[in-house]
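Trainee: I've got the model open and I'd like to talk it through with you. Can we put it up and go step by step?

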Amino acid sequence: MTKSLAGEIVIDSPWSNAAQIVQGVTYQAVSLANFGIVGNEHFRQDMGGVISWEQNIGPRDADTVYVRSHEYGVSETVMDFDPTSMKISFLYFGTRERLSVEDSDTGLVISSLPTGQSITFSGVGKADLIPGLIEFHHDQVIEDNLEFPFGFAQEDVTLVDRTMLLTPAGPAGATTDGFQTSTGNMTGISAETEDGSDPQTEDESDDGPSIGDDGGTTRELGADVDLVDVTWNWAHQFELLGFDPSQDQFDFNSLSSDNLSVAEVDGDLIFEVVKNGGNKITVRDVQAEDLTLANLKADEWNPILESDSIMIETLASLGFDPFA
């Protein structure tokens, strides 16, 4: 859910340019009844965050900066933010897939797509943040790893209650998480493993774990049939060894061609999810000409595998035969 420059309700795809604008209708003009039954739990939560922000439901604490993602054309700068005592909250954040957290010459910039909404914390860097003062609700961290762009572990950030927010109805018997709470690490020192290295967090998203999500930089496939996810996984890079074009597959899930860059470098095939922190898979000793459509998979509704998609056309220019 996003909001147009004119204040209208927009239903946006986070993975493409597709959007539906409810012309002339604002968030203030509707109630939860207008949204009917929302089957996807994460969409229910994110819709509830956006609607609650727009209808002034929920906390507005003076010591907290509330990060939003739904407002086209909105870029804010926070001056005099004290990272030792003030909080950054994602309670009203309205998407999961395209969060960016980056240091810049002017300060820490938190932004999201497709709206491009951003907030800059002047004079503050990532290294200044205390993880326990960064607040999310449960599924944003435990299932979607929104803490990852900050470089924090799941157990270090704080989980807050979202049950006071408006939330569209789910199907009969469906539940909506957000009541789970925990206090994060307030010391400013991230938890460490026994060998002193940073802990690795497990990706527990709805799509299931991706090959390479073990935090390593190299993954070698075995003799069995393997499915390699190419999906949103902020800043994750790894080299894939042992991909067998006679049986293994790449699954592009919900990614659109606009979100994907394909190239060949020194005999290796490279898939990069653009604007996702450098998320890249380098497939060693495999080229486009080695693949067929049998090696490619995506969500049923996703047109990325159609013959006129940018990805297929790019692969074809590298030697891929879509009719093989």
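This is a predicted model: local features need pLDDT of at least 70, side-chain atom pairs count only at pLDDT 80 or more; totals for chains, interfaces and linings use all residues.

Trainee: Okay, which strands stand at the edges of the open sheet of five?
Mentor: The sheet is open and has the order 12-14-18-17-16, with mixed pairing. Strand 12 (218-220) and strand 16 (260-265) each have a single partner strand, so one side of each is left without a neighbour in the sheet. From one strand to the next, the twist averages 20°. The edge strands are strand 12 and strand 16.

Trainee: Which residue in strand 18 stands opposite Leu-240?
Mentor: Strand 14 covers residues 237-241 and strand 18 covers residues 280-283. The two run parallel and are joined by four bridges. Opposite Leu-240 stands Val-283.

Trainee: Moving to strand 9, how many of its five residues are buried?
Mentor: Strand 9 spans residues 118-122 and is mostly covered. Strand 5 (residues 75-78) runs parallel to strand 9, with four bridges joining them. Strand 8 (residues 107-112) runs antiparallel to strand 9, joined by five bridges. As for the buried residues of strand 9, the count is four.

Trainee: And which residue in strand 9 is the bridge partner of Glu-76?
Mentor: Look at the residue in strand 9 that Ile-110 stands opposite, namely Ile-119. Glu-76 has its bridge partner in strand 9 too, and that partner is Ile-119.

Trainee: What phi does Gly-116 have in the turn?
Mentor: Strand 8 and strand 9 form a hairpin, with five residues between them. Gly-116 sits in that turn, and its phi is positive, at about 80°.

Trainee: Is His-138 buried or exposed?
Mentor: His-138 is in helix 2 (residues 138-142). Leaving aside neighbours within four places in sequence, His-138 is in contact with Glu-143, Leu-159, Asp-177, Gly-178 and Gln-180. The cut-off for buried is under 20% relative accessible area. His-138 has 13% relative accessibility, so it counts as buried.

Note on methods:
Residues are numbered from 1 along each chain as its sequence is written. Side-chain values use heavy atoms; hydrogens and water are left out. Two strands pair if DSSP finds at least two bridges between them. Axes are lines fitted to C-alpha atoms, for helices over the stretch in contact, and angles run from 0 to 180 degrees between N-to-C directions. Buried means under 20% relative accessible area, exposed over 50%, partly exposed in between (1.4 Å probe, protein chains only). Contact means heavy atoms within 4.5 Å.
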